[in-house]
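My notes follow in the order I looked things up.

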Amino acid sequence: MAKVMMYARFERFWHWSQAALIITMLVTGFNIHGSISLMSFEQAIDIHTLCAWTLIGLWVFAWFWHITTGEWRQYIPSTPERILAMVRYYAFGIFQGKSHPFHKDRSHKHNPLQRLAYLGLHILIGPAIWISGLFYLFFGDLKALGLDGLSLEVVAITHTAAAFLMLVFLIAHLYLALTMSDKFGAYVKAMITGYEEVDE
Amino acid sequence: MRRFSIVCWGVALVTLTSWLPAGLWAATGDGKSTADHSKFEQLQQTFQSGPEVTAACLECHTEAASQLHKTSHWTWAFENPVTGQTLGKKNVINNFCVATATNWPRCTSCHIGYGWKDETFDLTSEKNVDCLVCHDTTTTYKKFPVGAGHPNYEPKEWPPKSGKIRQPPDLTKIAQSVGKPSRDTCGACHFYGGGGNGVKHGHLDSSMHKPTRETDVHMDAAGLNFTCQTCHTTGGNEISGSRYVTKASDNRGVVIPGQADQNRASCESCHSNTPHAEAANPKLNQHTDKIACVTCHVPEFARGGRKTKMWWDWSSAGKKDEQGKPLLINDEDGYPIYDFKKGDFKWEANVVPTYRWFDGDVRYTLLSDTIDDTAVVPINSVKGSYADPNSRIWPFKVMRGRQPYDKQQKILAVPHLFGKDEDAYWKSFDWGKAVTAGLAARGYEFSGDLGFVETEYYWPVTHMVAPKENTLGCDDCHSRNGRLAGVEGFYMPGRDRFEWIDMIGWLLVVGTFGGVSLHGLARIFTARKGG
């Protein structure tokens, strides 16, 4: 076992600030939606909008960081065989005491399922939620952009559906991140300190 | 670019005017006159009657009467250019005292003329124009309630059998101190329409003579102190801003000198379509394409401490008390809730308006229209929809009641209420006679089959604009059962949701949570077994 610098400082900052923003937006979003009522509609909108702009800013930096460092390659999907191996492990192998089919190192820090999940998060759920969110925010100005055919219903359905998917992602991610390490919470610690113990 | 310059103008205007002392507003509103009417030769006489005063006025103001003759203030008739309907007090039917026909002397105490006591009134007569009712500055000129537009020229008792004597107004003094109309002169009729204080509008009542800032931020007597014509701009005795053709949306931008249309009878004509400051929530300015200003800025009407009439049931009129005397019942605040002459009333203060899509198109149910007596009959109905770019969500006072109708012909009845003749309802309390006479005056024959039908009447709420700290907030509408719960045709965040999306969504969430929980439990179980 050796300690490896797995997550760069920016990456950790990105992860936790993104986590805080997304959780805040889930709470305020479902408050706006009327599913919960922790605060007023107006307060929820104000916080939600502020978080949205912050998250968009953060995304710009994240894209820049991923492109310039080449870290975007971490999200290239693996071969179907490797993905299937991960699925088989989670479905059966893990209960039979079999070892993890993926070996983690600095240049391959995501297992094939993670690659797929994070790629989906960043190019499907994320954009669906923030594009529909921007349409929501600027709905009154859509006419000036020639988009007046777009109804608020479509915007609302997309935004709400994507929000549910985000919540589903969060639950699965929390489960896996908290419990899949050899020691409970080791991945969380790694995401805070940046260092992770890996097999040599 | 144009929009930007309009915004600049708006900001400049608001910034400039907000620094003006209130007194200056009042001064510009009143307009210093260059004439002292008490020095006019024509007015150095003892006037015996209103028309005598008018004759003196017309010696200098040569066009005043002929100009007035063209206005609906005079004609009580109005051709609606949008709907083609012939409206005006002469023609419409309402659910207050129903109609003017045969009740002239009582109704025309609010006509800007003298002597409209029956159908023969000469609408071309110049001397019968009442200049003083609008131009009195002494607040002492008052038309006698049953004088067909005349004040009383001799001391007279009013109300009847009250023992109170009304002194005649000093016409000479009043004529010598005429000036521009004020809240008091306009209010003399418009605050008391429907036969009493605050009866009709609900946003115009006696509290508007000297309103507080809370009641009306613009007319605030201690603040901006607007007069009616500050917004209802005038010219040649024509006054802008009519309820018959409401401007539901105004896209002209801020009205500035040089523009052809100087009508300021809309919020937007001073405040523009983007009235909220940069510092305010940017979403507010995005609401103006769908929400009328007054929807948020007049949170309730009848806010001046006066109640407004909300219900008038004619069907219960005519009752007597145990002693056989005509029945009169007042509520604890002194408002009549039963009057043997008129039936049951309901009054309310601080009323939350009813909200509807509105494009300015109002259609009245006229005497010539067949009604559906199985439902509530609309006295008027307002048009508008989400899809229409000229519609806005507007606040309304909805006046409801029950009133007589002809069951055979299915038309609203015109009752002859006022008069000393046996046909008058307030004389003999016989609906058959009253409706026969009323309908006959409008050229209809009563079938003899009388019924009472429930009606509703939509009144757009435009006055009693609240200070900004008292306007509606987001949550008033953006909530499950908010103020716009009944306004349809669009998706509103916080109010609406697609139940199927929520169902699938929560199933996925719960499913995922259950799935990972089971997965975790199974791992613990198999690990123990294995380990």
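Into which domains is chain B divided? I found domain 1 (34-179), domain 2 (308-477) and domain 3 (479-507). The bounds come from an automatic or database domain assignment. I then checked a distance: the C-alpha centres of domain 1 of chain B and domain 3 of chain B lie 53 Å apart.

A note on ground rules. This is a predicted model, where local features need pLDDT of at least 70, side-chain atom pairs count only at pLDDT 80 or more, and totals for chains, interfaces and linings use all residues. Residues are numbered from 1 along each chain as its sequence is written, and chains are lettered from A and ligands numbered from 1 in the order in which they are written.

Next, the contact between the chains. I count two residues as in contact if their C-beta atoms, placed from the backbone, lie within 7 Å. Chain A gives 25 residues and chain B gives 26 residues. On the chain A side, α1 (9-33), α2 (41-69) and α5 (152-179) each supply at least two residues. Helices here are DSSP runs (H or I, at least four residues), numbered from the N terminus. The largest share of that side, 13 residues, comes from α5(A).

Last, I looked at a helix pair within chain A. Helix α3 (residues 80-91) of chain A packs against helix α4 (residues 112-137) of chain A at an angle of about 100°, with axes 8 Å apart. Axes are lines fitted to C-alpha atoms over the stretch in contact, and angles run from 0 to 180 degrees between N-to-C directions. α3(A) and α4(A) are therefore roughly perpendicular to each other (65 to 115 degrees). I saw R82(A), I83(A) and M86(A) in α3(A) meet P112(A), L113(A) and L116(A) in α4(A).

Note on methods. Parallel < 35°, antiparallel > 145°, perpendicular 65-115°, else oblique.
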